[in-house]
Amino acid sequence: MTTSPRLSLNNGVLIDQLGFGLYKVPPEDAANLVIMALEAGYRHFDTAAMYGNESGVARGIVSLYGVEGIHGGSGESVRPTAREDLFITTKVWNEDHGYDATLRAFDNSMINLGLEYVDMYLIHWPCPRRGLFQETYRALETLYHEGKVRAIGVSNFQPEHLDRLLETAEVVPAVNQIELHPWLQQDELREKHRELGIRTEAWSPLGRGQILKDPDILALAAEHQVTAAQVILRWHLQLGNIAIPKASSWDRIKENADIFRFELSALDMADIARLDRGHRTGSHPDNVN
Ligand code: NDP
């Protein structure tokens, strides 16, 4: 694969547009998947305290400095060679909202990840009924000012949560990581992000695999002689989203990263724009607390 293009966050930090997601990856599998993804050219990894696999991710990263990648040997390895080439995101879980609890949760994540800094730290969900996301974000700002994280942001924030956050925030979030795919295109939020200088990061970018059977996507895939997953991920990139697909096999990991050798036309993009049906595969942010 050609490596992913990088986008600049609102503080100048660069992030690979294509990353690798690790939700529902058992801790014992995380290291191998990270090693495979590194071998396939991914440099950006998305985990969370709640996923319970931060230490597995750490074991995968450590392999960079020692063990050969399990799919190595081609002689043309695209694996990064230095910590600076990687972009690692983790997130503070709902039960750890609040200033002090968030600082403690961050320390735990750092121990699990075995890193000296993380590239991005996010509030996993706004949990509006807890009413603590402003305080939680203040802790993220402290970590940012202390140089322990290179960028801070949020996840699953609705427009009204962003408005409330910005009443007290000193640092504009670098990203809002939200459910986004062709069946849930999030036009309103994407527009709001554009106005505020926040990058849109798509979770479940493949709609948890549900959209891979969409006939319009399959037709585009046939036309471009690629797969449905590749059409969808290419669409994300051309929209300007950051996308973090998860996959559990070498073939899929490689397939999802092989999206830089074709382009969707304006007409193709317009066809996909028509597929939005407000379909969520995960929870609505107002219902998670
Ligand atoms: P995705 O949209 O990435 O879809 C993953 C599913 O699609 C898996 O079942 C996978 O199967 C399948 N799949 C992947 N690639 C292919 C392919 N090429 N062909 C066929 N099937 C494929 O869903 P996720 O929910 O995992 O989201 C991605 C990431 O987003 C998460 O891992 C996590 O990092 C993040 N996330 C964040 C959330 C948040 O609240 N902030 C919430 C949910 C996710 P298999 O694994 O069997 O290969």
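Two strands count as paired if DSSP finds at least two bridges between them. Keep that cut-off in mind for this tour of a predicted model.

**Stop 1: β6 and β7**

Select residues 118–123, strand β6, together with β7. The two pair in the parallel sense over 5 bridges, which clears the cut-off of at least two. Pick Leu122 next. Its bridge partner in β7 is Gly153. β6, α4 and β7 form a right-handed β-α-β unit.

Stay on β7, residues 149–155. Of its 7 residues, 6 are buried, so the strand is largely enclosed by the rest of the structure.

**Stop 2: on to β8**

Select residues 175–179 for β8. Pairing between β7 and β8 is parallel, over 2 bridges. Val154 stands opposite Asn176 of β8. The chain passes from β7 through α5 to β8, in a right-handed β-α-β crossover.

How much of β8 is covered? It is mostly covered, with 5 of its 5 residues buried.

**Stop 3: β9**

Residues 199–203 are strand β9, and β8 pairs with β9 in the parallel sense over 5 bridges. Click Gln177, then Glu201 in β9: they are bridge partners.

**Stop 4: the whole sheet**

Zoom out. The open sheet has 8 strands in the order β3-β4-β5-β6-β7-β8-β9-β10, with parallel pairing. β3 (20–21) and β10 (242–243) stand at the edges with a single partner strand each, so one side of each has no neighbour in the sheet. At the β3 end, select residues 44–46, strand β4. β3 and β4 pair in the parallel sense over 2 bridges. Phe20 stands opposite Phe45 in β4.

**Stop 5: the nonpolar cores**

Keep Phe45 selected. The largest nonpolar core has 68 residues, and Phe45 is among those touching the most other members, along with Tyr42, Tyr121, Tyr137 and Ile253. Centre on Tyr137. Leaving out residues up to four places away in sequence, Tyr137 touches Ile123, Ile152, Gly153, Val154, Leu165, Ala169, Val171, Val172 and Pro173. Apart from this core lies another, of 11 residues, including Leu9, Leu122, Ala151 and Ile242.

**Stop 6: Thr281**

Select Thr281, in the segment after α10 (266–273). Is Thr281 buried or exposed? Its relative accessibility is 17%. Buried means under 20%, so Thr281 counts as buried. Show its contacts. Beyond residues up to four places away in sequence, Thr281 touches Glu179, His181, Trp203, Ser204, Gly207, Arg208 and Gln210.

**Stop 7: empty space**

Rolling a probe the size of a water molecule over the atoms shows where empty space is left. The count comes to 1 cavity of 30 Å³ or more. The largest cavity has a volume of about 30 Å³. Its lining is Asn156, Gln158, Ile178, Glu179, Gln186, Trp203, Arg280, Ser283 and Pro285.

Finish at the largest pocket, which holds about 750 Å³ of space. It is lined by 31 residues, and Tyr23, Ser204, Pro205, Arg208 and Lys246 are the closest to its centre. Which helix gives the most to the lining of the largest pocket? Select residues 250–257: helix α9 does, with 3 residues.

Note on methods: Residues are numbered from 1 along each chain as its sequence is written. This is a predicted model: local features need pLDDT of at least 70, side-chain atom pairs count only at pLDDT 80 or more; totals for chains, interfaces and linings use all residues. Side-chain values use heavy atoms; hydrogens and water are left out. A nonpolar core is a set of buried Ala, Val, Leu, Ile, Met, Phe, Trp, Tyr and Cys residues joined through side-chain atoms within 4.5 Å. Buried means under 20% relative accessible area, exposed over 50%, partly exposed in between (1.4 Å probe, protein chains only). Contact means heavy atoms within 4.5 Å. Helices (H or I, at least four residues) and strands (E, at least two) are DSSP runs, numbered from the N terminus. A crossover is right-handed if, with the strands pointing away from the viewer, the path from the first strand over the helix to the second runs clockwise. On a 1 Å grid over the protein atoms alone, a cavity is a set of points where a 1.4 Å probe fits but cannot get out, and a pocket is an open set with protein on both sides within 12 Å along at least five of seven lines; lining residues have an atom within 4 Å of a point. Grid points are joined across faces, edges and corners, and a volume is the space filled by probe spheres set on the points.
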